[in-house]
Amino acid sequence: MIDCSGAGSSAPAHASGLAIETTALTKRFGRQTVVDGLALSVPRGSVFGFLGPNGSGKTTTIRMLLGLAQASGGEISVLGERMPQKLGSVLPRVGALIEGPGFSPFLSGSANLRRLDSADGFAPNGTRSARVSRALDRVGLGHAADKKVRAYSLGMKQRLGIANALLAPRDLIVLDEPTNGLDPQGTREVRSLIRSLADEGTTVFVSSHLLAEIEQMCTHAAVMRAGRLVAQGTLDELRSAGTTRVIVTTPDADAAAQVLRTLGLDPGHPDAPGAAVTATLPESIEPEDIVAALVNAGVRVRGFAVDHASLEDLFVALTGEGFDVVQ
Amino acid sequence: MPRTWHRWIPAAAAPVAIGAVVLGGVFATSASADPADKTPQQVLELAASSTVDTFSGTIEQSSNLGLPDVSGLGGSTGSSSDSSDGSDLTSALELLTASHTLRVYVDGPTQSRVQILDDMAERDAIRNGDDLWLYDSNDSTAVHSTLPADASTAPDASAESLTPAELATRFLDAVDPSTEVTIGDPVTVAGRSAYDLVLTPDSSTTLVSSVEIAVDADTGLPLSVDVFAQGSSDAAFHVAFTSLSLDTPSADLFDFTPPAGTDVTEKALPNRDDAPADGSVAPDAGTHPEPTVTGTGWDTIVELPASTDPSSLTDSPMLSQLTTSVDGGHVLQTTLLTVLITDDGRVLAGAVPVESLQAAAGK
Amino acid sequence: MSSSDPTAASLVARRTRRSLGVGFFASELAVLFRRRRTWAMLLALAAVPILIAVAVRISSSGSSGRGPAFIDSITQNGLFVGIAGLTIAIPLFLPLTVGVVAGDSIAGEANTATLRYLLVSPVGRIRLLVVKYLAAVVFCLAATLTLSIAGILIGIALFPVGPVTLLSGDTVSIGDSLVRSLLIALYATVSLLGLSAIGLFISTLTDAPVGAMAATVVLSIVAQVLDSLSQTEWLHPWLFSHYWLDFADLLRQPIEWSSFGQNALLQLGYVVVFGALAYGRFSSKDILS
């Protein structure tokens, strides 16, 4: 695979550094506001995780980005162009998998892809077959190209959907829940596919309700909750927004807790003697000072750890415990 | 939502545009160049001097006689189910009450063809020299007659003996006591501008309110006839060209050979002139044997003696549906014509109210 | 598949100008005529004249005295079977199949979720409507031609064939009669253009293709019922089904073209109105399926 860096892609010169930008993007269905004042900034060349519980408005946002649904308010620009005004020139540069695959069951996988490719006015007819078979090979469906989609498993359909997004050279690929229905092997393949796309300089916008997925693949992420954006940035920025904890493993739990309190930390009350004592670490205190204080106080320290909060903690904190559908 | 309203503009505009085209067409036809003003005398002269004897065209005929549409009772599609005796009456009534589209092809006085375009069927009358053919595609029957040698020239001889001006004068003299003849606004018929000759009866007892005849400004050919009944603005009887071509029709059209499998009847003329083509044009064609005529002008009453087998009329289930019982017989009331069938079998008809017929019958 | 082994560079190449969508139209036709359903409908239509011919042949009574006269005349001339088949199929079978194709056009794509992928491919919404409509028109033509040709073939097989007697009583050659059969198939195709446009519009209203199909077929029946009621006479010239059976005017001598023209004009009116409605609906619709 040719590795062309992000700068080498066919981005227009006037384009900003953002592949997707929305301001105050809002969608209402009747009285219900599904997306509320969204301000997304997806940098070019990033692998951008779009995170949120089911029903938080991710798919509706993606539909608006791709011109399938009309925004009730706000503005969208994709690849530096206003949407949906420039739909016809922007979408050929965008590959998409939206809320699961959709194919004609009575056609074979390759016939489905050829059909969708012929719908793209900028796709040359001459290379269609070659591009279709390459896209199928790339998602590991080369063997099932001529099988009717009716006979595909859910995972195979999902791969076919991803293959559709790869039919033409793209500047942006939008993947809505790409690993749905895939087995662990398939999930790994998709992950490596996304990485290779990113290596080619393609901006990848991945939505998921699974945090681990985002954490493993993405450079950037945004978190949605009930139609609102609650966090956005690089993964490091997001992680640093979370808290750091110290974890002291000791048989002298009460004594350790006492030491921590004198340092100004709040360990709470240990659950049981012998359990770990934990406390949030303020930025003003260095971890080594705590260890020194504990040792000086005669606490038998068996283990000491500084734990940066996982994105999962952040995700739970931001979206509430519920991975349930937010109404 | 407010951004998308303009997408509905075409949907809103399309009917408006279509309406504009339709109405524009109507206005355009009515706005065609008006012919020069003429007096009734001049228009009649024009009509009488018309030399058009070669043309083809489509004629539409419709009636609003206040009778139910009897075509379902045994008209265009079901005439084969009637007995041959009843079918004459049925088809005559059908011709009067239903709407028809006809095509006529005329090439000189001896070659003509009239086609009545029925649904999925057609009735044809073809005259080629001395041969007269009647063809009905419904039951694949044809009637062939040979015209007597003099019949082909007789009507023309009398017409040609008069100049158009004389003919017009005579016509005006003939109708003068009972009828006012005026020229209405110019009209357009079959895309041609025409003079509208309006005949208004002076009589107060006739059912006819007026008769309008459109005379082609260019050729003098009558293009349409509308008969209006008292108290109605819609024509009770309407016949008009919808298209007219003055080109010579193809000679093949008059060369009729009954197709294989056709039931051909030879019929000697002239016993009954019931060719469907001409029975429909004259509203009161009284060609039945020995009629008695009383009254004058628009109040004329035609009386058929009892000898015409009244049972065939009164027993017809269709007639009993159409007629109402009155003192002294049954009456068939239409907007233009009243027919009284007396209990003793006489038939009186006229464009007058039933009281006039009863009075005439009582004499 | 990649027998030519194209280089990666050539696969990256893109058209500089957007194509007119001819390729997509061809692909749409291929999809339509690759469907088993399409073939089943065409076969069912072909069965109509075949059943008529076989039934008449078996009963072999010269005249049934019912129905249009030329059902009887097929025993005399097999070339009439196609026309008889069209006459039988026009009120119900043809609208049924056209309703299925036109009603399915957008709603079917929505139902299989292919609609959103077509739209982000991207095929413009107007272009998709036009291509879908044209495909439906091609189906109408295929349907009427199938009926006519099947009828003529079975007629030749079962009945004597010879010069054809027209409604006017004139007789025309076999060649002339085949031309007229083709014209009648074209007339029937034109007759279905309005219904196709209505089906397309209904199809943009729903994501349930069966509903759109049923609504289209029901409308075609309603129009014919209204056309037969004398109480709605003022409406008759405006009903899309009004001229459906006037193809008989093509069996006159000379051919009466006025009904062809009026029919075409009326159908064009329906195409414009319902095409505009479909555009209004579809271009402003949120694709949420």
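Mentor: Let's begin with Glu99(A), which is partly exposed at 43% relative accessibility; buried means under 20% relative accessible area, exposed over 50%, and partly exposed in between (1.4 Å probe, protein chains only). Before we go on, this is a predicted model, in which local features need pLDDT of at least 70 and side-chain atom pairs count only at pLDDT 80 or more, while totals for chains, interfaces and linings use all residues. Residues are numbered from 1 along each chain as its sequence is written, chains are lettered from A and ligands numbered from 1 in the order in which they are written, and side-chain values use heavy atoms, with hydrogens and water left out.

Glu99(A) has a partner in Arg63(A): the two form a salt bridge whose closest N and O atoms are 2.6 Å apart. The term covers a side-chain nitrogen of Lys or Arg within 4 Å of a carboxyl oxygen of Asp or Glu. Arg63(A) sits in helix H1 (residues 58-65) of chain A and Glu99(A) in the loop between strand S7 (94-97) and helix H3 (109-119), so the pair ties together parts 36 residues apart in sequence. Helices (H or I, at least four residues) and strands (E, at least two) are DSSP runs, numbered from the N terminus. Over all chains, the structure holds 29 salt bridges.

Asp104(C) and Arg37(C) meet in a salt bridge at 2.8 Å, N to O. The link runs from helix H6 (residues 93-111) to helix H3 (residues 36-59) of chain C, with the two residues 67 apart. Asp104(C) is buried at 11%, whereas Arg37(C) is partly exposed at 26%. A further group, Arg115(A), Glu28(C), Glu109(C) and Lys132(C), is joined into one network by salt bridges that share partners.

Now for the contact between chains B and C. Here 26 residues of chain B are in contact with 28 residues of chain C, contact meaning heavy atoms within 4.5 Å. About 2,200 Å² is buried between them, 61% of it from carbon and sulfur atoms; buried area is the accessible area (1.4 Å probe) that two parts lose on being put together, summed over both. On the chain B side, Arg7(B), Trp8(B) and Met120(B) lose the most area, together 32% of what that side buries.

Three salt bridges are counted between chain B and chain C. In one of them, Arg113(B) and Asp170(C) meet at 2.7 Å, N to O. This pair crosses from strand S3 of chain B to the loop between strand S1 (164-165) and strand S2 (171-172) of chain C. Both partners are buried, Arg113(B) at 0% and Asp170(C) at 10%. Arg103(B) and Glu256(C) also form a salt bridge, at 2.9 Å, N to O.

As for what chain B brings to this side, helix H1 (9-30) and strands S2 (100-107), S3 (111-118) and S4 (121-128) each give two or more residues. The largest share, five residues, comes from H1(B).
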